[in-house]
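Please have the structure open while reading.

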Amino acid sequence: MHVCNVAANWRADWGKDVVIDLVCYRRNGHNEADEPSFTQPLMYKRIRELPNVLNKYADQLVAEGTVCQADIDEEIAAFDKIMNEAYQKSTAITKMKLTDWLDSPWDHFFECDANKVPILRETPPTGISDSVLKRIAETFSADPPIKVHPGIKRILKGRTKMVEAQQADWALGEALAIGSLLMEGYHVRLSGQDVERGTFSHRHHVLHDQDVDGRVYNPLQNLSSSQQKYSVSNSSLSEFGVLGFELGFSQHNPNSLVCWEAQFGDFFNTAQCIVDQFISSGQDKWYRQSGLVMLLPHGMEGMGPEHSSARMERFLQMCNDKEDSKYEGVSADQQLWDCNWQIMNITTPANMFHALRRQMHMKFRKPLVVFTPKSLLRHPLARSSFDEMTPGTSFKAIIPEDRDISNTKKLILCSGKVYYDLLEERANRGLEDSIAITRIEQINPFPHALIDSELNRYAPGTQISWVQEEHKNAGAWTHVKPRLENHLTGDIHCGYHGREPAASAATGNKKLHKTEYKKMMDDSFAL
């Protein structure tokens with residue numbers, strides 16, 4: 001207690017954290033039924049000779065004259081009585097609802113009926129007004145009140161041109177989402193390696209003065225005098241520790257958008273136990289919800305096995321979505337409530353904008369894993385009009401082909417960056433009239449109703465294929481295949497075009513990467 005008091009006083013006086021190195025021992029090994037003497041006979045012979053902590057402390061208090069033995073006996077008897085009475089009451093309980101525990105950490109957050117069952121309300125549109133879009137975009141692209149690097153000046157000038165054209169790239173779409181939530185009173189946190197500038201130097205939420213060491217400027221913290229705080233911090237290379245902390249923060253406050261970004265998507269693997277034990281199963285195990293967002297840069301771009309795949313298949317394998325059900329009559333919001341987490345592979349800045357805003361505007365909380373792009377951050381086609389983020393607009397779980405489909409012979413379904421590769425290759429081969437391309441942006445919960453409507457647009461006999469850039473034993477293929485085929489009738493099956501199965505996430509040979517890519521495109525556009 002003395003050490004804890006010293007630590008608490010230090011922290012209160014100096015505002016610095018304190019680590020207490022507490023050396024302990026287990027009296028009973030792993031648990032009361034364990035027999036530690038099998039492997040540590042001498043140590044546990046000595047431990048059994050020691051009095052237990054309660055008796056040792058009680059004897060100390062009596063020796064000091066603080067209390068007498070009768071006081072201690074009375075205190076122990078009173079506590080035993082409380083425990084016994086609670087146990088007797090528990091035997092009378094015949095039914096327990098997990099929903100009784102749901103609201104305990106977040107008072108009045110959930111709207112519940114008389115039986116304490118949460119009432120599921122439809123998620124409202126997540127677009128914002130033109131004036132708010134303009135205010136955030138102009139602040140984010142304006143010259144800061146500090147001397148910045150010449151490269152930053154060029155980036156800000158480019159952003160200004162985009163704003164004038166009412167267009168958003170990935171960085172601006174993300175900033176519009178964060179800025180609008182801040183202005184609506186939501187606290188936003190972003191942590192991870194190099195998140196202030198972004199691994200690929202696209203974000204630049206914290207600008208550094210080139211002449212004054214430590215002087216910084218955060219444009220999104222200067223939107224209005226009434227906005228909430230934006231905490232954006234580079235973290236150390238401890239994915240396990242940082243992701244675990246951010247998960248805890250998200251569970252503490254449902255009105256904070258808490259985001260963690262990996263430097264490259266596969267870096268989450270050193271935090272695998274946090275993902276497996278807590279994020280994927282938090283509501284199932286403890287009936288605790290979390291709105292944590294994991295941003296995992298992902299894409300097969302010839303960068304080798306350690307910087308390509310964020311291992312989408314691992315996340316999808318942990319989804320509780322039923323592969324043999326079409327979820328007929330189940331609303332999109334009900335699917336979101338029932339799923340253990342959301343898995344997205346997004347292709348447009350507008351959809352990223354809506355995905356982040358939906359996290360706060362849903363009437364409940366659910367983890368979100370986004371496989372974010374790398375090359376698309378600056379891709380000229382990966383732009384969104386401001387019109388796609390205005391009132392009445394929402395997240396699109398699928399983005400259908402927007403061309404005339406009357407002559408379509410083959411429908412390609414895909415997700416993520418490969419869409420832009422397919423788009424370019426289709427144009428080069430002159431197959432716009434024959435082949436349609438539809439993107440699935442939300443892979444879990446699977447958008448069954450939208451997929452059903454999309455497939456019904458095409459004439460009977462149209463070929464259906466899934467195309468992915470990942471290897472066949474990776475990516476989304478094994479997840480989407482049975483779900484897609486629930487919606488196919490007769491002898492129609494969904495074909496696969498992509499890389500062959502492999503043990504490595506990607507090849508380290510650039511020539512082989514290009515060979516794999518060419519074969520994938522040849523197979524995809526074969527009729």
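## Pairing of β6 and β7

In this predicted model, strand β6, covering residues 256–261, and strand β7, covering residues 293–297, run parallel and are joined by 3 bridges. Within this pairing, Cys259 has Val293 of β7 as its bridge partner.

## The sheet as a whole

The β6 and β7 strands belong to an open sheet of 7 strands with mixed pairing, whose order is β5-β2-β6-β7-β9-β8-β14. At the edges stand β5 (230–234) and β14 (442–444), and because each has a single partner strand, one side of each is left without a neighbour in the sheet. On average, neighbouring strands of this sheet are turned by 20 degrees against each other, with direction ignored.

Helix α9, formed by residues 239–252, lies across β2 (187–192), β6 and β7, and its direction makes an angle of about 165 degrees with β6.

## Packing of α15 and α18

Two packed helices are described by the angle between their axes and the distance between the axes. For helix α15 (residues 418–429) and helix α18 (residues 510–524), the angle is about 65 degrees and the axes are 11 Å apart, while the crossing of α15 and α18 is right-handed.

On the α15 side, the contact is made by Val418, Asp421, Leu422, Glu425 and Arg429, and on the α18 side by Tyr517, Met520, Met521, Asp522 and Ser524. Sorted by class, the residues in the contact of α15 with α18 are 5 nonpolar, 1 polar and 4 charged.

Terms used. Residues are numbered from 1 along each chain as its sequence is written. This is a predicted model: local features need pLDDT of at least 70, side-chain atom pairs count only at pLDDT 80 or more; totals for chains, interfaces and linings use all residues. Side-chain values use heavy atoms; hydrogens and water are left out. Two strands pair if DSSP finds at least two bridges between them. Helices (H or I, at least four residues) and strands (E, at least two) are DSSP runs, numbered from the N terminus. Axes are lines fitted to C-alpha atoms, for helices over the stretch in contact, and angles run from 0 to 180 degrees between N-to-C directions. Contact means heavy atoms within 4.5 Å. A crossing is left-handed if the near helix is turned anticlockwise from the far one by less than a right angle, and right-handed if clockwise. Ala, Val, Leu, Ile, Met, Phe, Trp, Tyr, Cys and Pro count as nonpolar, Asp, Glu, Lys and Arg as charged, and the others, Gly among them, as polar.
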